[in-house]
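Hi there,

Here is the structure I promised to pass on to you. Have a look at it first, and then read my notes below with the model open beside you.

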Amino acid sequence: KSSGGVWAWGRNTEGQLGDTTNANHNTPVPVSGLFGVNAIDAGDLHSLALKPDGTVWAWGLNSLGQLGNGSAQNQNNVPGQVIQLGGAVRITAGSRHSIAIVNPLVELSSDSLNFNMAAVGGVSAAQSVNITNRSLDDLTVASLGLAGTNNADFTVSGPSLPVNVKKDESIAVTVNFTPTARGARSATLMIGNNGFNSPHVVSLSGTGITIEDLITAVGTLSLNNGQLNSLLAKLNVAQQ
């Protein structure tokens with residue numbers, strides 16, 4: 001259904017309708033506890049469902065382990081999650097087996113970078129994002145790009161692309177903030193790869209400040225007259 005709930009009907013001798021019973025049904029019944037599903041497939045005597053988070057759920061006959069739950073118990077009449085599998089994007093059920101296409105599992109050390117304040121026309125200290133491959137398959141990082149309102153205010157660098165990342169290996173991507181104007185600045189780092197759900201994104205933010213902003217800020221500090229006059233004099237020189 002449009003809500004992501006799944007309904008089934010017909011033969012249910014092996015629990016393949018997933019309604020907690022083994023009774024046959026000649027009208028649709030809801031599959032127990034299963035919501036938010038975006039793909040389904042039916043085998044001979046077992047059923048599969050795929051959720052948007054990449055998890056796969058299976059129920060019905062399991063005499064040959066086709067439910068992927070780590071056992072070969074006879075049957076399961078409610079959905080159970082397939083273990084040791086994540087990032088699935090396609091599923092299909094055979095007579096006594098199941099198959100899934102898996103998107104490489106990309107782990108980012110951070111999904112956002114905040115560069116705080118940097119002088120307009122200057123360059124901030126660099127920050128990095130580590131991209132780690134957590135799947136069994138090789139990951140190919142094919143592109144690095146910047147998008148968003150203030151994408152010209154950020155620069156990104158990394159290894160020569162495309163680059164192959166094996167299981168549990170990482171690469172680092174470096175980002176600098178180079179504000180071109182005052183105020184809040186934001187952009188998005190786009191990481192393109194060989195996964196079906198690419199690109200992965202990292203939000204970038206910072207604030208551009210000018211000499212005038214610094215002079216105003218210094219005026220609010222608790223400094224004695226000598227310290228305050230010294231700082232203001234240095235800022236005025238820098239402004240000129």
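Let's start with Arg 134, which counts as partly exposed because its relative accessibility is 41%. Please keep in mind throughout that this is a predicted model.

**Salt bridges**

How many salt bridges does the structure hold? There are six, and I'll walk you through some of them.

Asp 138 and Lys 166 meet through their side chains in a salt bridge of 3.3 Å, N to O. Asp 138 belongs to the loop between β11 and β12 and Lys 166 to the loop between β14 and β15, so parts that are 28 residues apart in sequence are tied together here. Salt bridges with shared partners also join Glu 107, Arg 134, Lys 167 and Asp 168 into one network. As for accessibility, Asp 138 counts as partly exposed at 34%, and Lys 166 is partly exposed with a relative accessible area of 44%.

A further salt bridge connects Asp 44 and Arg 96, whose closest N and O atoms are 3.1 Å apart. This pair links distant parts of the chain, 52 residues apart: Asp 44 is in the loop between β3 (39-42) and β4 (46-50), and Arg 96 is in the loop between β7 (88-93) and β8 (98-102). Are these two buried, exposed or partly exposed? Asp 44 is partly exposed, at 46% relative accessible area, and Arg 96 is partly exposed too, at 32%.

The largest pocket has about 250 Å³ of space. It is lined by 18 residues, and those closest to its centre are Ala 8, Gln 16, Leu 17, Ala 42 and Ser 47. Which strand gives the most to this lining? That is β1, with four residues; β1 (7-10), β3 and β4 each supply at least two. Sorted by class, the lining of the largest pocket has ten nonpolar, five polar and three charged residues.

The second largest pocket has a volume of about 160 Å³.

**Backbone details**

Most residues other than glycine have a negative phi, and most peptide bonds are trans. Here are some places to look at with that in mind.

The peptide bond from Leu 161 to Pro 162 is cis, with omega near -5 degrees. You will find Pro 162 in the loop between β13 (154-157) and β14.

Thr 20 has a positive phi, near 80 degrees. Thr 20 lies in the loop between β1 and β2 (25-30) and is partly exposed, with a relative accessible area of 41%. Asn 116 is not a glycine either, yet has a positive phi of about 55 degrees; its place is in strand β10 (residues 112-119).

Enjoy exploring!

Best wishes

Methods: Residues numbered from 1 in each chain as written. Predicted model: local features only at pLDDT ≥ 70, side-chain atom pairs only at ≥ 80, totals over all residues. Heavy atoms only, no water. Salt bridge = Lys/Arg side-chain N within 4 Å of Asp/Glu carboxyl O. Buried < 20%, exposed > 50% of the residue type's maximum accessible area, 1.4 Å probe, protein only. 1 Å grid on protein atoms, 1.4 Å probe; cavity = no way out; pocket = protein on both sides within 12 Å on 5 of 7 lines; lining within 4 Å. Points joined across faces, edges and corners; volume = space filled by probe spheres on them. Nonpolar A, V, L, I, M, F, W, Y, C, P; charged D, E, K, R; others polar.
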